[in-house]
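Student: Could we go through this structure together? I would like to know where to begin.
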Amino acid sequence: MLTPGHDEKDAQDEPELWRLVERRTVYQGRFVQLYQDVLEGPAAPEFYEHVRVADGVRVVALDAERQVVLVEDQFYLQGRRMLHLPGGGTEAGEDPALTAARELAEETGWRAAAWRSLGSIHPLPTSSVARTHLFLATGLTPGPVHRDEAEQLMTVRKAPLTEAVALVRSGVITEAGSVTALLLAAQLST
């Protein structure tokens with residue numbers, strides 16, 4: 001049986017991991033840091049560039065009628081509006097569950113009485129150590145929206161969970177955390 005991080009080979013046959021010799025800061029921004037690492041070890045590249053960003057969250061907010069709360073917002077790098085689940089970045093030291101509750105309320109106005117972790121993913125493991133934590137929120141009640149300035153053009157809509165999964169399969173919903181969380185939530189209900 002396979003376990004995370006291991007295949008069926010004997011543990012002593014595993015190749016040695018690369019070791020960090022030096023880390024250079026290439027860029028230090030408000031939300032993003034770019035590093036260039038000098039590595040040593042078998043087949044290690046001369047330099048390895050990676051970014052540091054905060055962990056994120058995505059929330060499958062499911063109401064009593066099995067409708068999912070979705071948001072649509074402008075994504076600058078993709079050059080278009082994208083449909084996805086509510087979520088955002090964690091603050092330094094913040095519990096991802098608290099981030100999820102905060103982001104759901106800020107972006108959509110919905111609050112949830114019950115929360116369940118759906119796990120976490122590494123959306124870009126070759127570029128960043130950041131994870132996206134996935135949650136299922138139920139027992140929804142409405143409240144006020146408190147979006148930040150960059151989210152003022154965000155819109156909210158609901159769709160049946162089955163329709164949201166169909167939007168993943170058709171390529172309409174493509175954001176990694178949203179795709180994974182919706183498929184996991186749908187699997188729980190089958």
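Tutor: We begin with a term: a residue is called buried when its relative accessible area is under 20%. Please keep in mind that this is a predicted model. Buried residues make up 35% of the 190 residues in the protein chain.

Student: How many helices and strands does the protein chain have?
Tutor: There are three helices and 10 strands. Read from the N terminus, the order of elements is β-β-β-β-β-β-β-α-β-β-β-α-α.

Student: Which residues of helix α2 are buried?
Tutor: In α2, which spans residues 161-169, the buried residues are Leu161, Ala164, Val165, Leu167 and Val168. Viewed down the axis of α2, these buried residues fall within an arc of 155 degrees, so they line one face of the helix.

Student: Why would residues a few places apart point the same way?
Tutor: An α-helix has 3.6 residues a turn, so residues three or four places apart point the same way.

Student: And what is on the face of α2 turned away from the buried side?
Tutor: That face carries the exposed residues Thr162 and Arg169.

Student: What do the buried residues of α2 pack against?
Tutor: They pack against strands β5 (67-75), β6 (80-84) and β10 (155-160), and also against helix α3 (176-188).

Student: What follows α2?
Tutor: Gly171 follows α2, and the phi of Gly171 is positive, near 85 degrees.

Student: Let us turn to the core. How many residues are in the largest nonpolar core?
Tutor: The largest nonpolar core has 22 residues, and Val60, Val68, Ile173 and Leu182 have the most contacts inside it. At least two residues of this core come from each of β5, β8 (111-121), β9 (132-141), α2 and α3. There is also a second, separate core of 10 residues, which includes Val59, Ala100, Leu104 and Ala137.

Student: Which residues does Leu182 touch?
Tutor: Leaving aside residues up to four places away in sequence, Leu182 touches Val60, Val68, Leu85, Leu161, Ala164, Val165, Val168 and Ile173. Among these partners of Leu182, Leu161, Ala164, Val165 and Val168 are buried residues of α2.

Student: Now the surface: which residues form a nonpolar patch there?
Tutor: Val26, Tyr27, Phe31, Val32 and Val53 form a nonpolar patch on the surface, with about 470 Å² of accessible area together. One of them, Tyr27, lies in strand β1 (residues 19-28).

Student: What is the relative accessible area of Tyr27?
Tutor: The value is 49%. Exposed requires over 50% and buried under 20%, so a residue in between is partly exposed. Tyr27 is therefore partly exposed.

Definitions and conventions. Residues are numbered from 1 along each chain as its sequence is written. This is a predicted model: local features need pLDDT of at least 70, side-chain atom pairs count only at pLDDT 80 or more; totals for chains, interfaces and linings use all residues. Side-chain values use heavy atoms; hydrogens and water are left out. Buried means under 20% relative accessible area, exposed over 50%, partly exposed in between (1.4 Å probe, protein chains only). Helices (H or I, at least four residues) and strands (E, at least two) are DSSP runs, numbered from the N terminus. The arc is that of the directions from the helix axis to the C-beta atoms. Contact means heavy atoms within 4.5 Å. Patches are made of residues with over 30% relative accessible area and no salt bridge: like charges are joined within 9 Å, nonpolar side chains (Val, Leu, Ile, Met, Phe, Trp, Tyr) within 5 Å. Accessible areas come from the Shrake-Rupley method with a 1.4 Å probe; for residues, only the protein chains shown count as cover. A salt bridge is a side-chain nitrogen of Lys or Arg within 4 Å of a carboxyl oxygen of Asp or Glu. A nonpolar core is a set of buried Ala, Val, Leu, Ile, Met, Phe, Trp, Tyr and Cys residues joined through side-chain atoms within 4.5 Å.
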